[in-house]
Amino acid sequence: MGIPTLVAMLVAALAVIGVLSFREEYSLFVPGLLQGAVLTLQIAVLGSLLAVVMGVLAALARLYGPAPLRWLATVYVEIFRGTSALVQLFWLFFVLPQFGVTLDAFPVAVLALGLNVGAYGSEVVRGAIQSVPRGQWEASTALNMSRPQMLRRIILPQAFIAMIPPWGNLFIELLKSTALVSLITLSDLAFRAQQMNQTTLKTVPIFTLVLLMYLVMSLAITIVMRLLERRASLGLARGRAA
Amino acid sequence: MTDQPMVRFDNVSKRYGPLTVLDGLNLDIMRGEKVSVIGPSGSGKTTVLRMLMTLEKINDGVIWVEGEPLTHMERNGKLVPADLAHVRRVRGKIGMVFQSFNLFPHMTAMQNCIEAPVTVLGMKRAEAEARAAELLGMVGLSQKKDHYPSQLSGGQQQRVAIARALAMRPKIMLFDEVTSALDPELVGEVLQVIRQIGREHDLTMLMVTHQMGFAREFSDRVCFFYQGKICEQGPPAELFGAPKNERTRQFLNAVLEAG
């Protein structure tokens with residue numbers, strides 16, 4: 001699907017939210033839900049940043065690190081990929097205090113979701129690096145580049161393009177997982193919706209708005225990733241047309 | 001010093017598991033010498049180049065470059081396997097051109113040619129660009145310097161790859177079947193460039209090739225590889241004109257029939 005279509009969907013979703021908020025049975029819920037959406041967005045953005053950092057570090061450690069670092073990265077990936085995000089949230093929020101480490105709910109949410117998605121992301125990064133043809137390594141070796149120079153200048157820029165679509169998937173996964181954070185006392189979008197629904201029973205307006213708000217956020221992510229992809233593959237794509 | 005070989009393979013072996021690809025290779029290449037390596041596929045000829053470029057580890061023996069060990073280094077009077085710093089220092093004298101070009105697809109022809117001079121040699125960008133422009137001109141691609149590899153024909157890509165390798169000012173150039181991936185009508189332009197740098201540069205050149213005509217006309221010496229060993233070597237006129245070895249005769253007959 002092209003970027004214009006995505007933008008049109010985004011604009012349409014925003015327009016529907018705008019139109020609905022002029023109607024009384026909807027407008028009542030908009031401010032509260034927007035507050036929740038802001039929190040959801042904060043957790044999603046910060047969590048995604050953490051996920052990228054962890055994903056890249058873990059992948060590089062597993063591919064090129066010395067043995068102890070390699071093990072550490074493998075342990076991290078397997079634990080955070082192999083247990084559910086919910087359990088991780090509970091652990092960081094309810095279990096760690098038993099060992100004397102107490103964190104606020106917001107940092108725990110960012111940490112748990114970022115680490116969780118970062119573990120998946122490390123496999124994305126690893127796969128993308130390994131998908132760069134061997135000839136690129138060999139040419140860099142023949143030009144006497146060091147390992148870090150090869151990675152930074154030759155391999156990662158090419159791997160980057162292959163990473164963008166799967167990272168887009170992960171960011172959207174992460175956005176949706178933010179619904180879990182209500183279980184550690186945070187009032188995110190999903191939590192506020194449920195709360196409002198319990199007190200007012202206006203199910204249709206509340207969950208219509210919630211659906212649209214999530215859709216706006218995920219469309220925004222998709223559009224940003226598509227733009228990034230287009231930009232990153234500029235040179236390569238231009239050639240393909242020739 | 002002048003009679004010291006530029007490259008010396010000293011009893012070098014390469015094995016992949018039970019398969020011996022090269023078996024105790026001894027080969028000296030003199031400064032400025034142009035050596036062609038021919039032979040059937042699987043005879044180990046490409047492995048020779050790849051070992052010299054340090055793309056393959058060797059299992060036995062020592063490779064020397066300008067009297068200095070490449071695969072090893074001296075420690076307390078003994079040769080021990082080289083560390084990366086040592087390899088990189090010696091490897092800098094060698095450049096290589098590949099069958100599949102291996103240009104960096106995310107960089108233009110110009111960027112391909114200045115990347116390593118800037119990042120590896122620490123050359124100033126302007127200086128590297130001037131040098132690259134000169135080399136791209138020499139390979140006849142001044143007009144294409146801002147093109148990406150995928151906008152270039154195979155022959156043009158290979159000429160950029162040659163310029164890119166030369167930009168590092170190697171003393172030894174390795175050519176690994178550099179025309180094998182090209183459409184027949186593009187082979188000539190690449191061979192022309194190789195001929196030219198053979199004339200203009202004081203380079204030692206080692207090439208694996210299937211272009212018998214070119215090997216005959218261009219090289220000072222031709223080595224025929226068979227089953228991991230040099231089966232026969234000599235000046236091209238002798239090796240092609242009057243091969244002594246039965247295997248060489250068979251191979252040349254087969255190639256000439258096909259070609």
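1. In this predicted model, strand S1 (residues 7-16) and strand S4 (residues 60-65) of chain B pair in the antiparallel sense over five bridges; strands here are DSSP E runs of at least two residues, numbered from the N terminus, and two strands pair if DSSP finds at least two bridges between them. Val7(B) stands opposite Val65(B) in S4(B).

2. S1(B) is also joined to S2(B), by seven bridges, and these two strands run antiparallel. On this side, Val7(B) has Ile29(B) in S2(B) opposite. S4(B) in turn pairs with S5(B) in the antiparallel sense over two bridges, and Pro69(B) in S5(B) is the bridge partner of Trp64(B). S4(B) and S5(B) form a hairpin with two residues between them; in its turn, Glu66(B) has a positive phi of about 50°.

3. Together these strands make an open sheet of four strands in the order S2-S1-S4-S5 (chain B), with antiparallel pairing. Strand S2 (19-29) and strand S5 (68-69) of chain B are at the edges, each with a single partner strand, so one side of each is left without a neighbour in the sheet.

4. Residues are numbered from 1 along each chain as its sequence is written, and chains are lettered from A and ligands numbered from 1 in the order in which they are written. Because the model is predicted, local features need pLDDT of at least 70 and side-chain atom pairs count only at pLDDT 80 or more, whereas totals for chains, interfaces and linings use all residues; side-chain values use heavy atoms, with hydrogens and water left out.

5. Chain B is assigned domain 1 (1-93 + 172-259) and domain 2 (101-169), the bounds coming from an automatic or database domain assignment. The contact (heavy atoms within 4.5 Å) takes 17 residues from domain 1 of chain B and 14 residues from domain 2 of chain B. The C-alpha centres of the two domains lie 25 Å apart.

6. The two domains of chain B bury about 1100 Å² between them, 73% of it on carbon and sulfur atoms; buried area is the accessible area (1.4 Å probe) that two parts lose on being put together, summed over both. Met173(B), Glu189(B) and Val193(B) supply 33% of the area that domain 1 of chain B buries against domain 2 of chain B, more than any other three residues.

7. There is one salt bridge between the domains of chain B, a salt bridge being a side-chain nitrogen of Lys or Arg within 4 Å of a carboxyl oxygen of Asp or Glu. Arg159(B) forms a salt bridge with Glu189(B), with the closest N and O atoms 2.8 Å apart. Strand S9 (172-176) and helix H6 (184-200) of chain B each supply at least two residues of the side of domain 1 that touches domain 2; helices are DSSP runs of H or I, at least four residues. H6(B) gives the most to that side, with eight residues.

8. Between the chains, 27 residues of chain B are in contact with 23 residues of chain A. Chain B and chain A bury about 2200 Å² between them, 59% of it on carbon and sulfur atoms. Arg88(B), Phe104(B) and His106(B) supply 22% of the area that chain B buries against chain A, more than any other three residues.

9. Two salt bridges are found across the interface of chain B and chain A. The side chains of Arg50(B) and Glu138(A) meet in a salt bridge (2.6 Å, N to O).
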